[in-house]
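Subject: Structure handover and notes

Dear colleague,

Please find below the structure that I promised to pass on to you.

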Amino acid sequence: QVQLVESGGGLVQPGGSLRLSCAASGSIHSIIGLGWYRQAPGKQRELVAGITTRGDTDYADSVKGRFTISRDNAKNTVYLQMNALKPEDTAVYYCHAKTTGGEHLYDYWGQGTQVTVST
């Protein structure tokens, strides 16, 4: 199993920046991908950004050019640097890990961290 603990959310004004962190523990060796999802009130959870063990990244169109995902393998931590934040970025952000165990894939989630972009 993998445990994920997020930090770094908060209240920020439009145009501001925040950096989210997600520390992974447990069966780290089984992780094949890490990512950030978000869920706004009344909306479905959506992928924001993902990064593979090779370092390949993927972003939602709505955050391209503003958000950057990165990972520090020595610290087993994945980051989401969010710049030029907009009110529509307001959501609960969840860290996600995809793991493999034999022939099966598993999903693990953090507890979520609130990001609010408002004046």
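By the rule that a disulfide is a pair of cysteine sulfur atoms within 2.5 Å, how many disulfides does the count come to? The count comes to 1 disulfide. Before going on, please keep in mind that this is a predicted model, in which local features need pLDDT of at least 70 and side-chain atom pairs count only at pLDDT 80 or more, while totals for chains, interfaces and linings use all residues. Residues are numbered from 1 along each chain as its sequence is written, and side-chain values use heavy atoms, with hydrogens and water left out.

The disulfide joins Cys22 to Cys95, with 2.1 Å from S to S, and it links distant parts of the chain, since Cys22 lies in strand E3 and Cys95 in strand E9 (residues 91-101), 73 residues apart. Strands here are DSSP runs of E with at least two residues, numbered from the N terminus. The link of Cys22 and Cys95 is left-handed, with -85° about the S-S bond, and both cysteines are buried, that is, under 20% relative accessible area with a 1.4 Å probe and protein chains only.

Strand E3 also belongs to an open sheet of 4 strands, in the order E1-E3-E8-E7 with antiparallel pairing, where two strands pair if DSSP finds at least two bridges between them. Strand E1 (2-7) and strand E7 (67-72) stand at the edges with a single partner strand each, so one side of each is left without a neighbour in the sheet. Within this sheet, 6 bridges join E3 (residues 18-26) to E8 (residues 77-82), and Leu20 stands opposite Leu80 in E8.

In E10, Trp109 is the bridge partner of His96.

With kind regards

Technical notes
A disulfide is a pair of cysteine sulfur atoms within 2.5 Å. Buried means under 20% relative accessible area, exposed over 50%, partly exposed in between (1.4 Å probe, protein chains only).
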